Amino acid sequence: MAERRAILFDLDDTLYPLERFVMSGFRAVAAAVEARWRVPRAAALETLVSAVASSRGRELQVLAQRHDLPAAAVPELVDVIRLHVPDLRLPELSLSVLGALRRDWRLGLVTNGRPDIQARKVRALGVHRLVDAVVYAHAVGNGAGKPDAAPFLEACRQLGVAAEATVFVGDDPDCDVAGAHAVGMKTIWLPARVAPQSARPAEQADVIVASLADVPAAATRLLAPEWRAHVA
Ligand SMILES: [Mg+2]
């Protein structure tokens, strides 16, 4: 009989540090800038990395300004990041936790962000081989993404598991925790190591964990196997 419990995971800053994707994109941009405009790649990379602290979200503009790139460079470099094959590896801890959980749970991924970019991350990390369903949240329902109910319910549909028998694990208090709570899932909040200044506690979290390593025990407490007896 199919397992009737599921754990769903967010991707960025839950299963791997998003910063690694950002760095991977910066390396691709630095290589492109060297090839196209003869700016030494190390200098371009240094500009990008230092711009993270001073001008987060505007790193490419800073790069263009500092190295006298033409105005058209920024949209071109946005495409370089979007289309590059990310140089990413899933952290050992994520690998071992997903491997262990898969024996007793159905597993899924529900990720926000442009579906084409997220799909490249998923392939690079190999996550698709470790879970039973991958949902690109902006590709379902009206395309609003998490915290909209549609992507959560789509994952349940693909896994054949009720929302009430599902635990959601994510770093974002609104998109992950509040969104999953609203459709009746149990929630585990795993605050990102680098929390934005505006981060607030996830009030709807059933459990707060400090590490992915704590997820199997927490999920089992939230949805013990005996749970099945009550709904049979
Ligand atoms: Mg996240």
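In strand β2, Leu-109 is the bridge partner of Phe-9. Strands, like helices, are DSSP runs numbered from the N terminus (E and at least two residues for strands; H or I and at least four residues for helices). The structure is a predicted model, in which local features need pLDDT of at least 70 and side-chain atom pairs count only at pLDDT 80 or more, whereas totals for chains, interfaces and linings use all residues. Residues are numbered from 1 along each chain as its sequence is written.

The pair formed by Phe-9 and Leu-109 belongs to the parallel strands β1 (residues 6-9) and β2 (residues 106-111), which are joined by four bridges. Two strands are taken to pair if DSSP finds at least two bridges between them. The open sheet contains six strands in the order β3-β2-β1-β4-β5-β6, and the pairing is parallel. Because β3 (133-136) and β6 (207-208) each have a single partner strand, they stand at the edges, and one side of each is left without a neighbour in the sheet.

The domain assignment divides the chain into domain 1 (6-16 + 89-231) and domain 2 (19-83); such bounds come from an automatic or database domain assignment. A distance of 31 Å separates the C-alpha centres of domain 1 and domain 2.

Helix α2 (residues 41-54) packs against helix α3 (residues 59-66) at an angle of about 135°, and their axes are 9 Å apart. Axes are lines fitted to C-alpha atoms, for helices over the stretch in contact, and angles run from 0 to 180 degrees between N-to-C directions. Helices α2 and α3 are therefore oblique to each other (angles under 35 degrees count as roughly parallel, over 145 as roughly antiparallel, 65 to 115 as roughly perpendicular and the rest as oblique). On the α2 side, Ala-44, Thr-47, Leu-48, Ala-51 and Val-52 meet Glu-59, Val-62, Leu-63 and Arg-66 of α3. This contact comprises six nonpolar, one polar and two charged residues. Residues are in contact if their C-beta atoms, placed from the backbone, lie within 7 Å. Ala, Val, Leu, Ile, Met, Phe, Trp, Tyr, Cys and Pro count as nonpolar, Asp, Glu, Lys and Arg as charged, and the others, Gly among them, as polar.

Helix α3 also packs against helix α4 (residues 73-83), with an angle of about 130° and axes 10 Å apart. This angle makes α3 oblique to α4, and the two helices cross in a right-handed manner. Leu-60, Gln-61 and Ala-64 of α3 meet Ala-73, Val-74, Leu-77 and Val-78 of α4.

For α1 and α4, the packing angle is about 130° and the axes are 9 Å apart. Helices α1 and α4 are therefore oblique to each other, with a right-handed crossing. Gly-25, Ala-28, Val-29 and Ala-32 in α1 meet Leu-77, Val-80 and Ile-81 in α4. The residues of this contact are six nonpolar, one polar and no charged.

Two backbone features occur in loops. Asp-13, in the loop between β1 and α1 (18-37), has a phi near 65°, a positive value in a residue other than glycine. Pro-147 is found in the loop between β3 and α7 (149-159), and the peptide bond joining Lys-146 and Pro-147 is cis, with omega about 10°.

How values were computed:
Two residues are in contact if their C-beta atoms, placed from the backbone, lie within 7 Å. A crossing is left-handed if the near helix is turned anticlockwise from the far one by less than a right angle, and right-handed if clockwise.
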